[in-house]
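Hi everyone, thanks for coming. I'd like to walk you through one structure today, so please have a look at it with me.

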Amino acid sequence: MRAETLGGMVIFAEVVEAGSFSEAARRLGMSKSAVSKQVARLEDHLGARLLNRTTRRLSLTDNGTAFHARCVRILAEAEEAEQAVSRLQAVPRGWLRVNAPMSFGHLHLAPLVAGFMQQYPEVQVDLHLNDRVVDLVEEGFDVGVRIGHLSDSTLVARRLADNREVLCASPAYFAAYGRPETPERLREHNVLEYAYRQGGRDLRFRRADGGTYRVPTSGTLRANNGTVLRDAALAGIGIIRIPTFIVGQDLASGALEPLFADELEEDRGIYAIYPHSRHLSAKVRAFVDHLAAGYARPAWEAWIERKGAAG
(Lines give C-alpha, C1' and ligand atoms only; values in the text may rest on other atoms or scores of the structure.)
Protein backbone atom coordinates (compact mmCIF):
# COMPACT_ATOMS: atom_id res chain seq x y z
CA MET A 1 0.00 0.00 0.00
CA ARG A 2 1.39 3.40 -0.99
CA ALA A 3 1.73 6.09 1.67
CA GLU A 4 -0.54 8.47 -0.29
CA THR A 5 -3.23 5.80 -0.36
CA LEU A 6 -3.13 5.45 3.42
CA GLY A 7 -3.24 9.25 3.73
CA GLY A 8 -6.24 9.35 1.42
CA MET A 9 -7.97 6.73 3.57
CA VAL A 10 -7.46 8.89 6.65
CA ILE A 11 -8.99 11.92 4.91
CA PHE A 12 -11.84 9.89 3.41
CA ALA A 13 -12.73 8.40 6.81
CA GLU A 14 -12.71 11.87 8.36
CA VAL A 15 -15.02 13.21 5.62
CA VAL A 16 -17.48 10.39 6.30
CA GLU A 17 -17.27 10.97 10.06
CA ALA A 18 -17.68 14.75 9.73
CA GLY A 19 -20.43 14.54 7.10
CA SER A 20 -18.93 17.29 4.90
CA PHE A 21 -15.72 18.37 3.22
CA SER A 22 -15.66 21.68 5.05
CA GLU A 23 -16.00 20.16 8.54
CA ALA A 24 -13.42 17.48 7.70
CA ALA A 25 -11.05 20.20 6.48
CA ARG A 26 -11.49 22.10 9.75
CA ARG A 27 -10.75 19.01 11.84
CA LEU A 28 -7.72 18.10 9.77
CA GLY A 29 -6.35 21.64 9.54
CA MET A 30 -6.50 21.58 5.75
CA SER A 31 -8.28 23.60 3.09
CA LYS A 32 -11.59 22.32 1.76
CA SER A 33 -10.18 22.10 -1.77
CA ALA A 34 -7.19 20.02 -0.58
CA VAL A 35 -9.52 17.56 1.16
CA SER A 36 -11.71 17.29 -1.93
CA LYS A 37 -8.68 16.67 -4.16
CA GLN A 38 -7.36 13.93 -1.88
CA VAL A 39 -10.68 12.08 -1.95
CA ALA A 40 -10.85 12.46 -5.73
CA ARG A 41 -7.34 11.01 -6.09
CA LEU A 42 -8.32 8.08 -3.89
CA GLU A 43 -11.35 7.41 -6.09
CA ASP A 44 -9.17 7.60 -9.21
CA HIS A 45 -6.70 5.17 -7.67
CA LEU A 46 -9.47 2.73 -6.77
CA GLY A 47 -11.34 3.23 -10.03
CA ALA A 48 -14.62 3.62 -8.14
CA ARG A 49 -16.81 6.45 -6.83
CA LEU A 50 -16.96 6.46 -3.06
CA LEU A 51 -19.18 9.49 -2.37
CA ASN A 52 -22.30 10.97 -3.90
CA ARG A 53 -21.90 14.74 -3.77
CA THR A 54 -24.78 17.21 -3.75
CA THR A 55 -25.00 20.84 -2.73
CA ARG A 56 -26.78 19.82 0.49
CA ARG A 57 -25.07 16.66 1.69
CA LEU A 58 -22.72 13.76 1.04
CA SER A 59 -23.71 10.11 0.96
CA LEU A 60 -21.75 6.91 0.52
CA THR A 61 -22.08 4.79 -2.58
CA ASP A 62 -22.25 1.00 -2.18
CA ASN A 63 -18.54 0.84 -2.96
CA GLY A 64 -17.95 3.67 -0.52
CA THR A 65 -19.81 1.88 2.27
CA ALA A 66 -17.76 -1.30 1.82
CA PHE A 67 -14.49 0.62 1.53
CA HIS A 68 -15.24 2.79 4.57
CA ALA A 69 -15.80 -0.28 6.77
CA ARG A 70 -12.38 -1.60 5.78
CA CYS A 71 -10.79 1.82 6.25
CA VAL A 72 -12.04 1.98 9.82
CA ARG A 73 -10.50 -1.42 10.66
CA ILE A 74 -7.19 -0.69 8.93
CA LEU A 75 -6.80 2.72 10.53
CA ALA A 76 -7.69 1.33 13.95
CA GLU A 77 -5.02 -1.35 13.60
CA ALA A 78 -2.49 1.22 12.42
CA GLU A 79 -3.22 3.37 15.46
CA GLU A 80 -2.96 0.36 17.75
CA ALA A 81 0.42 -0.55 16.25
CA GLU A 82 1.63 3.00 16.81
CA GLN A 83 0.47 2.93 20.43
CA ALA A 84 2.16 -0.44 20.99
CA VAL A 85 5.49 0.97 19.81
CA SER A 86 4.97 4.01 22.01
CA ARG A 87 4.42 1.78 25.02
CA LEU A 88 7.61 -0.12 24.29
CA GLN A 89 9.44 3.18 24.24
CA ALA A 90 7.81 4.35 27.47
CA VAL A 91 9.82 4.64 30.67
CA PRO A 92 8.78 1.99 33.27
CA ARG A 93 6.98 3.73 36.10
CA GLY A 94 4.32 3.20 38.76
CA TRP A 95 3.60 0.42 41.25
CA LEU A 96 4.66 -3.14 40.34
CA ARG A 97 3.06 -5.89 42.46
CA VAL A 98 5.16 -9.07 42.59
CA ASN A 99 4.49 -12.45 44.21
CA ALA A 100 7.12 -15.17 44.77
CA PRO A 101 7.87 -18.22 46.97
CA MET A 102 9.32 -17.37 50.36
CA SER A 103 12.77 -19.01 50.24
CA PHE A 104 13.51 -18.18 46.62
CA GLY A 105 12.26 -14.64 47.08
CA HIS A 106 14.40 -14.01 50.14
CA LEU A 107 17.57 -15.63 48.77
CA HIS A 108 17.53 -14.78 45.07
CA LEU A 109 14.73 -12.39 44.14
CA ALA A 110 15.26 -9.64 46.71
CA PRO A 111 18.77 -8.74 45.45
CA LEU A 112 17.50 -8.46 41.87
CA VAL A 113 14.55 -6.32 42.97
CA ALA A 114 16.98 -3.91 44.59
CA GLY A 115 19.01 -3.71 41.39
CA PHE A 116 15.87 -3.24 39.31
CA MET A 117 14.73 -0.32 41.48
CA GLN A 118 18.13 1.33 41.12
CA GLN A 119 17.90 0.96 37.34
CA TYR A 120 14.27 2.17 37.16
CA PRO A 121 13.80 4.75 39.92
CA GLU A 122 10.27 5.62 38.77
CA VAL A 123 9.02 2.11 39.63
CA GLN A 124 7.75 1.28 43.12
CA VAL A 125 7.70 -2.44 44.00
CA ASP A 126 5.14 -4.15 46.23
CA LEU A 127 6.71 -7.57 46.91
CA HIS A 128 4.74 -10.40 48.55
CA LEU A 129 6.57 -13.60 49.57
CA ASN A 130 4.63 -16.74 50.52
CA ASP A 131 4.49 -20.41 49.58
CA ARG A 132 0.76 -20.73 48.99
CA VAL A 133 -0.78 -20.82 45.53
CA VAL A 134 -1.78 -17.28 44.57
CA ASP A 135 -4.24 -16.26 41.86
CA LEU A 136 -2.38 -13.37 40.23
CA VAL A 137 -5.42 -11.91 38.49
CA GLU A 138 -7.79 -12.20 41.44
CA GLU A 139 -5.27 -10.73 43.89
CA GLY A 140 -4.06 -8.00 41.55
CA PHE A 141 -0.43 -9.01 40.99
CA ASP A 142 1.46 -7.86 37.90
CA VAL A 143 4.12 -10.60 37.97
CA GLY A 144 4.66 -13.86 39.82
CA VAL A 145 7.63 -16.20 40.14
CA ARG A 146 6.66 -19.87 40.04
CA ILE A 147 8.74 -23.00 40.54
CA GLY A 148 7.73 -26.42 39.23
CA HIS A 149 5.36 -27.73 36.59
CA LEU A 150 2.89 -25.06 35.55
CA SER A 151 -0.79 -25.88 35.17
CA ASP A 152 -2.57 -24.81 32.01
CA SER A 153 -3.89 -21.28 32.33
CA THR A 154 -4.36 -18.01 30.51
CA LEU A 155 -1.20 -16.64 32.13
CA VAL A 156 1.92 -15.99 30.09
CA ALA A 157 5.02 -17.88 31.33
CA ARG A 158 8.69 -17.17 30.62
CA ARG A 159 11.26 -19.70 31.77
CA LEU A 160 14.01 -17.99 33.77
CA ALA A 161 16.21 -20.89 34.89
CA ASP A 162 16.33 -24.62 35.59
CA ASN A 163 15.09 -25.79 38.95
CA ARG A 164 17.37 -28.67 39.91
CA GLU A 165 16.39 -30.60 43.02
CA VAL A 166 18.72 -32.74 45.09
CA LEU A 167 18.54 -35.29 47.86
CA CYS A 168 21.06 -34.47 50.55
CA ALA A 169 21.99 -34.73 54.20
CA SER A 170 24.84 -33.66 56.45
CA PRO A 171 28.03 -35.70 56.97
CA ALA A 172 26.96 -36.03 60.62
CA TYR A 173 23.71 -37.73 59.61
CA PHE A 174 25.51 -40.20 57.36
CA ALA A 175 28.06 -40.90 60.09
CA ALA A 176 25.27 -41.69 62.56
CA TYR A 177 22.83 -43.59 60.33
CA GLY A 178 24.78 -44.67 57.28
CA ARG A 179 24.47 -43.68 53.64
CA PRO A 180 21.70 -45.49 51.72
CA GLU A 181 23.24 -47.54 48.91
CA THR A 182 20.15 -47.48 46.66
CA PRO A 183 17.03 -45.26 46.46
CA GLU A 184 14.93 -48.14 47.84
CA ARG A 185 16.95 -48.03 51.08
CA LEU A 186 15.54 -44.53 51.73
CA ARG A 187 12.56 -46.34 53.29
CA GLU A 188 14.85 -47.04 56.27
CA HIS A 189 15.86 -43.38 56.74
CA ASN A 190 14.40 -40.21 58.21
CA VAL A 191 13.34 -38.30 55.07
CA LEU A 192 11.97 -34.86 55.90
CA GLU A 193 8.96 -33.62 53.92
CA TYR A 194 8.11 -30.38 52.14
CA ALA A 195 4.40 -29.88 52.78
CA TYR A 196 3.51 -28.40 49.38
CA ARG A 197 5.27 -31.02 47.25
CA GLN A 198 3.05 -32.70 44.69
CA GLY A 199 3.05 -36.43 45.36
CA GLY A 200 3.61 -36.06 49.09
CA ARG A 201 6.29 -38.26 50.66
CA ASP A 202 6.89 -40.45 47.62
CA LEU A 203 10.15 -39.69 45.81
CA ARG A 204 10.42 -40.34 42.07
CA PHE A 205 13.59 -41.70 40.47
CA ARG A 206 14.67 -42.41 36.89
CA ARG A 207 15.27 -45.93 35.62
CA ALA A 208 18.08 -46.82 33.25
CA ASP A 209 15.50 -47.49 30.51
CA GLY A 210 14.13 -43.95 30.78
CA GLY A 211 11.12 -44.82 32.92
CA THR A 212 10.51 -43.74 36.50
CA TYR A 213 9.58 -45.36 39.77
CA ARG A 214 8.45 -44.16 43.20
CA VAL A 215 9.95 -44.81 46.62
CA PRO A 216 7.68 -44.21 49.64
CA THR A 217 9.42 -42.46 52.55
CA SER A 218 8.66 -41.36 56.08
CA GLY A 219 10.16 -38.85 58.48
CA THR A 220 9.83 -36.89 61.68
CA LEU A 221 9.50 -33.37 60.23
CA ARG A 222 7.07 -31.83 57.79
CA ALA A 223 7.37 -28.12 56.93
CA ASN A 224 5.89 -25.70 54.40
CA ASN A 225 9.18 -23.83 53.95
CA GLY A 226 12.39 -25.12 52.40
CA THR A 227 14.70 -23.08 54.62
CA VAL A 228 13.32 -24.86 57.68
CA LEU A 229 14.15 -28.21 56.11
CA ARG A 230 17.67 -27.01 55.20
CA ASP A 231 18.33 -26.01 58.80
CA ALA A 232 17.13 -29.41 60.01
CA ALA A 233 19.36 -31.21 57.52
CA LEU A 234 22.40 -29.13 58.54
CA ALA A 235 21.67 -30.12 62.14
CA GLY A 236 21.85 -33.81 61.18
CA ILE A 237 18.15 -34.52 61.66
CA GLY A 238 17.48 -36.25 58.33
CA ILE A 239 17.60 -36.38 54.55
CA ILE A 240 15.84 -33.73 52.45
CA ARG A 241 14.80 -33.31 48.84
CA ILE A 242 15.23 -29.63 48.12
CA PRO A 243 15.97 -27.17 45.30
CA THR A 244 19.62 -26.30 44.83
CA PHE A 245 18.77 -22.60 44.98
CA ILE A 246 18.34 -23.15 48.74
CA VAL A 247 21.31 -25.43 49.43
CA GLY A 248 23.74 -24.66 46.59
CA GLN A 249 26.34 -23.09 48.88
CA ASP A 250 25.99 -25.92 51.42
CA LEU A 251 26.61 -28.50 48.69
CA ALA A 252 29.61 -26.57 47.38
CA SER A 253 31.14 -26.29 50.86
CA GLY A 254 30.44 -29.91 51.83
CA ALA A 255 28.10 -28.97 54.69
CA LEU A 256 25.51 -31.09 52.87
CA GLU A 257 26.29 -34.08 50.65
CA PRO A 258 24.13 -35.14 47.69
CA LEU A 259 22.57 -38.56 47.13
CA PHE A 260 21.66 -40.24 43.81
CA ALA A 261 22.24 -37.01 41.90
CA ASP A 262 22.09 -38.79 38.54
CA GLU A 263 18.94 -40.76 39.30
CA LEU A 264 16.61 -38.24 40.93
CA GLU A 265 13.92 -36.89 38.62
CA GLU A 266 14.55 -33.18 38.52
CA ASP A 267 14.32 -29.85 36.70
CA ARG A 268 10.86 -28.38 36.96
CA GLY A 269 11.82 -24.88 35.90
CA ILE A 270 11.67 -21.40 37.42
CA TYR A 271 9.25 -19.10 35.62
CA ALA A 272 8.05 -15.53 35.54
CA ILE A 273 4.31 -15.50 34.93
CA TYR A 274 2.01 -12.60 34.27
CA PRO A 275 -1.57 -12.03 33.08
CA HIS A 276 -2.01 -12.00 29.32
CA SER A 277 -2.31 -8.48 27.98
CA ARG A 278 -2.61 -7.22 24.45
CA HIS A 279 0.04 -4.62 25.28
CA LEU A 280 2.54 -5.63 27.94
CA SER A 281 3.30 -2.68 30.19
CA ALA A 282 6.80 -1.25 30.17
CA LYS A 283 7.33 -1.97 33.87
CA VAL A 284 6.37 -5.66 33.55
CA ARG A 285 8.45 -6.16 30.43
CA ALA A 286 11.48 -4.49 32.02
CA PHE A 287 11.14 -6.51 35.24
CA VAL A 288 10.83 -9.88 33.49
CA ASP A 289 13.81 -9.05 31.24
CA HIS A 290 15.77 -8.06 34.36
CA LEU A 291 15.03 -11.42 36.01
CA ALA A 292 15.94 -13.38 32.88
CA ALA A 293 19.30 -11.63 32.70
CA GLY A 294 19.92 -12.10 36.43
CA TYR A 295 19.29 -15.85 36.34
CA ALA A 296 21.08 -16.58 33.06
CA ARG A 297 23.93 -18.23 35.00
CA PRO A 298 22.51 -19.23 38.42
CA ALA A 299 25.10 -18.84 41.15
CA TRP A 300 23.49 -21.63 43.17
CA GLU A 301 24.59 -24.26 40.58
CA ALA A 302 28.31 -24.00 41.47
CA TRP A 303 27.93 -27.15 43.59
CA ILE A 304 27.61 -29.30 40.47
CA GLU A 305 31.41 -29.50 40.22
CA ARG A 306 31.25 -31.63 43.38
CA LYS A 307 28.54 -33.95 42.07
CA GLY A 308 31.03 -36.70 41.36
CA ALA A 309 31.32 -37.19 45.11
CA ALA A 310 27.64 -38.23 45.33
CA GLY A 311 26.90 -41.61 46.81
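I'll talk about a pair of helices, then the pockets, then the cavities. Please keep in mind that this is a predicted model.

Let's begin with helix α8, residues 226–234, and helix α9, residues 244–253. Their axes lie 10 Å apart and meet at an angle of about 25°. Angles under 35 degrees count as roughly parallel, so α8 is roughly parallel to α9. The crossing of the two is right-handed. On the α8 side, the contact is made by G226, T227, R230 and L234, and α9 brings I246, V247 and D250. By class, that contact has three nonpolar, two polar and two charged residues.

Now, the pockets. Which helix gives the largest share of the lining of the second largest pocket? That is α9, with six residues. This pocket has a volume of about 220 Å³, and α5, α8 and α9 each supply at least two lining residues.

The largest pocket has a volume of about 1,000 Å³. Of its 42 lining residues, V133, R146, I147, G148 and H149 lie nearest its centre. The lining comprises 21 nonpolar, 12 polar and nine charged residues.

Finally, the cavities: there are two of 30 Å³ or more. The largest cavity, at about 70 Å³, has a lining that includes E193, R197, R201 and R241. By class, its lining splits into four nonpolar, two polar and four charged residues.

Notes. Residues numbered from 1 in each chain as written. Predicted model: local features only at pLDDT ≥ 70, side-chain atom pairs only at ≥ 80, totals over all residues. Heavy atoms only, no water. Axes fitted to C-alpha atoms, helices over the stretch in contact; angles between N-to-C directions. Helix = DSSP H or I, 4+ residues; strand = E, 2+ residues; numbered from the N terminus. Parallel < 35°, antiparallel > 145°, perpendicular 65-115°, else oblique. Left-handed = near helix turned anticlockwise from the far one by under 90°. Contact = heavy atoms within 4.5 Å. Nonpolar A, V, L, I, M, F, W, Y, C, P; charged D, E, K, R; others polar. 1 Å grid on protein atoms, 1.4 Å probe; cavity = no way out; pocket = protein on both sides within 12 Å on 5 of 7 lines; lining within 4 Å. Points joined across faces, edges and corners; volume = space filled by probe spheres on them.
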